[in-house]
Amino acid sequence: STFSATMEDTYNNRTSLVKGAKDMVKEAKRHTAKKVNKVVDRAADEYSSHRNYTRFQDEEDEDEDFYHHQKGHEGESCRDNEEGSSDATEGHDDEDEIYEGEYQGIPSSAADKKHKEGQVALGQPMSDAVRDRSELEQERDADEEELAQHYELIMQECGHGSFQWQLFFVLGLALMSDGVEVFVVGFVLPSAETDMCIPNSSSGWLGSIVYLGMMVGAFFWGGMSDKVGRRHCLLICMSTNGFFAFLSSFVQGYGLFLLCRVVAGFGIGGAVPIVFSFFAEVLSREKRGEHLSWLCMFWMIGEIYASAMAWAIIPHYGWSFSMGSAYQFHSWRVFVVVCALPCVCAVVALTFMPESPRYYLEVGKHDEGWMILKQIHDTNMRARGQPEKVFTVNRIKIPRQLDELVEMESGTGNPVSKFFFRIKAEIHGIYLNLMKCFKYPMQENTMRLAIVWFTLSFGYYGLSVWFPDVIKHLQADEYASKVQIHINERIEGFTFNFTLENQIHRNGTFIHDQFVNMKLKSVTFIDSTFRYCTFDDVTSVGSLFKNCTFIDTFFFNTDIDESKLVEGTEVINSTFTHNKTGCQMTFVDDYSAYWVYFINFLGTLAVLPGNIVSALLMDKIGRLSMLGGSMILSGISCFFLWFGTSESMMIFMLCLYNGLSISAWNSLDVVTTESFPTVRRGTGFGFCNALCKLAAVLGNLIFGSLVGITKAVPILMASSVLVGGGLVGLRLPDTRSNVLM
């Protein structure tokens, strides 16, 4: 019994020593984090004074010496638990010091199972298997904070130069493709519907369903970029968009066209969250706000490109060809092909760029991340004419890697079931990662960001649909006011071989008349009679025959059919031969075609000054002031729409609104990028961008249904939503001086 008591006392003493050692380690880490923060602040000051980085490297080494000195008193058992692991880098450095994939403990043997949870054998580290999950996550969080501070120092040493500018233009092309995709559907909608004989009742689906595809894509690809990498995901989603965008220009059926545009939208949905996450991770703190704002300009360039191409191509019916009578390739299809070109260029350019080094470090790939950081440093130094400058960083602290528990599929499954199981597992992983954004300490910021994204998008996209429709409504009213009315006319033996436009013929009589090689545009015949007449090669755009009578009349190569003969029209002893089949393109005759594209082009150009101003002032005024101020001013500007009674006034208000709102978009992109940690940045940004697309769908449906009915509801709705969102935006935390977590 005395021997047992002695053994128990010895064991208790050892357990107390281990516990005390662990407390000393945690205290040392807190002390180290404080000192690293001081190092970062001093580094920023020294860089502004153009001093050498090696001084701060020496200070950091002193901190590490202190850290290892503290750990030296604790014994080998606790020392190794504080370091992250990396399969690629296990081993020793030049001084034979374990720097990276340090020993994480050994699996417990059968004899160890006798020990209770929390007990360890003498001289062995505690295995992760017997440690609390929350404790491991706290260690990882501490490691991530340390990496964030160290990474900021590294990016300052790498500098801002040639590498960042190359990546800027490559990612800019991807962002430009997203801007094009948003507008291409709206521009081709009228002509695509006419070309494919789509009734008005189902035409609204095309615009809405493409936004829904982009919404799903934003959430999925944003989340996947946190799992498999920024560059890899961006390549896949851009390739998907480019392929199906090209394919959509060649398919003939409306259903296939709809499917291709949905899949293309699903692909491009990932562009915005990945592009901003990727670019932010190669920028230092003092460059981040300004250069992310410059990147936003490419979305506007995409709008300008789409508007200009639509204006130049779609109204020109001559930009088309046909292969027999079955296949028609009209000008709007040429426009769709041209709009896919930026996406193709982005895919090609992206193949020459490396992965985000910050992503590699976060997932434990130390060597890969270090090599890319060295590439950034060397590229920038060569461009500056300083190729002899050496990259001084030789080791980077990476966070502890925690194994995720994934349900395993049985080996008997076929490839299809395994594929769907993999997709299900990935979506579940994205969902779990998103749920962490709604836990302390991030939940309040995530909710506020979601509200701001939704309100800004609802107001912007809603009004962007409402503006052109209101202008078209004003044009239609003006067009209708100029209609020519002919009553009780009698015309015999006359040949019509010219265009009749915007006319109403009531109670007319036409005898032995010929309508040859002509167009009827917005012409309505009411209670009229046609005797012994000939219609040869006639196209009737927006024209109708109401309660008319055709007697002994010959129709050859016309598009006059049952849909044009309405309200009791009678056809007596008349012949229809070689009727034109399919739907006739009307866009060449559309009086508002040029105006719609020109107005969008002007509205987009008005964004340019706001974009430049927001980029220059982003770090001076601050993200939140610019975000809240821009949204509130945009909401106030909506009230002036009440006085827009003419086309010129509405165009001016459109330009003013676009110019004021762009600063809010730029600020929101920057704040969202900086608000989420690297392991959840793509997921969080993707969720916010998915909400943006959902708000766009609702805005299109609600505002579009109010055109021509009332002005008060859209104006009050847009104003209140924008002002409310701006006030919420002012409550977000200021991320201007933070390192990128």
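Hi everyone, thanks for coming. Before anything else, please keep in mind that this is a predicted model. With that said, let's look at the whole chain.

The protein has 741 residues, and 51% of them count as buried. Its secondary structure comes to 22 helices and 16 strands. If you take the contacts with a separation of 6 or more, 68% of them are between residues 24 or more positions apart.

Let's start with helices. If you find residues 230-248 on your screen, that is α7, and its partner here is α8, residues 254-268. How do the axes of α7 and α8 meet? They come within 7 Å and cross at roughly 160°. An angle over 145 degrees counts as roughly antiparallel, so that is the label for α7 and α8. The crossing of α7 past α8 is left-handed. On the α7 side, the contact includes Cys237, Met238, Phe244 and Leu247. From α8, the residues taking part include Phe257, Cys260, Val263 and Ile268. You'll also find Arg261 of α8 and Asn241 of α7 among the residues making this contact.

The second pair is α9, residues 271-280, with α21, residues 681-705. Their axes are 8 Å apart, and the packing angle is about 140°. This pair is therefore oblique. As for handedness, α9 passes α21 in a right-handed crossing. In α9 the residues involved are Val272, Pro273, Phe276 and Ser277. They meet Arg681, Gly682, Phe685, Gly686 and Asn689 of α21.

Which strands pair with β8?

Leu520 has its bridge partner in β10, namely Ser540. Hold on to Ser540, please, as we'll come back to it. Then there is β11, residues 544-546, parallel to β8 over three bridges. Here Thr524 turns up again, this time opposite Leu544 of β11.

Next to look at is an open sheet of five strands, in the order β4-β7-β9-β12-β15, with parallel pairing. Its edges are β4, at 490-492, and β15, at 570-572, each of them pairing on one side only. On average, neighbouring strands of this sheet are turned by 5° against each other, ignoring direction. As one example from inside the order, take β9, residues 529-531, and β12, residues 549-551, which are parallel over three bridges. Phe530 and Phe550 are bridge partners in that pairing.

Let me finish with two residues. Where does Lys564 sit? You'll find it in the loop between β13, at 554-556, and β14, at 565-566. Is Lys564 buried or exposed? The cut-off for buried is under 20% relative accessible area, and Lys564 has 14%, so this lysine is buried. And here is Ser540 again: its side chain and that of Lys564 are joined by a polar contact of 2.8 Å. Leaving out residues up to four places away in sequence, Lys564 touches Ser540, Ser543, Leu544, Phe545 and Asp559. Two names on that list come from the strand pairings I showed: Ser540, the bridge partner of Leu520, and Leu544, which stands opposite Thr524.

The other residue is Met618, in helix α18, which covers residues 607-621. Its relative accessibility is 0%, so Met618 counts as buried. Which residues does Met618 touch, leaving aside those up to four places away in sequence? They are Gly289, Ser293, Arg623, Met626, Asn666, Ser667 and Val670.

Methods
Residues numbered from 1 in each chain as written. Predicted model: local features only at pLDDT ≥ 70, side-chain atom pairs only at ≥ 80, totals over all residues. Heavy atoms only, no water. Helix = DSSP H or I, 4+ residues; strand = E, 2+ residues; numbered from the N terminus. Buried < 20%, exposed > 50% of the residue type's maximum accessible area, 1.4 Å probe, protein only. Polar contact = N/O pair within 3.5 Å; in protein donor to acceptor, adjacent residues only side chain to side chain. Contact = heavy atoms within 4.5 Å. Pairing = 2+ DSSP bridges. Axes fitted to C-alpha atoms, helices over the stretch in contact; angles between N-to-C directions. Parallel < 35°, antiparallel > 145°, perpendicular 65-115°, else oblique. Left-handed = near helix turned anticlockwise from the far one by under 90°.
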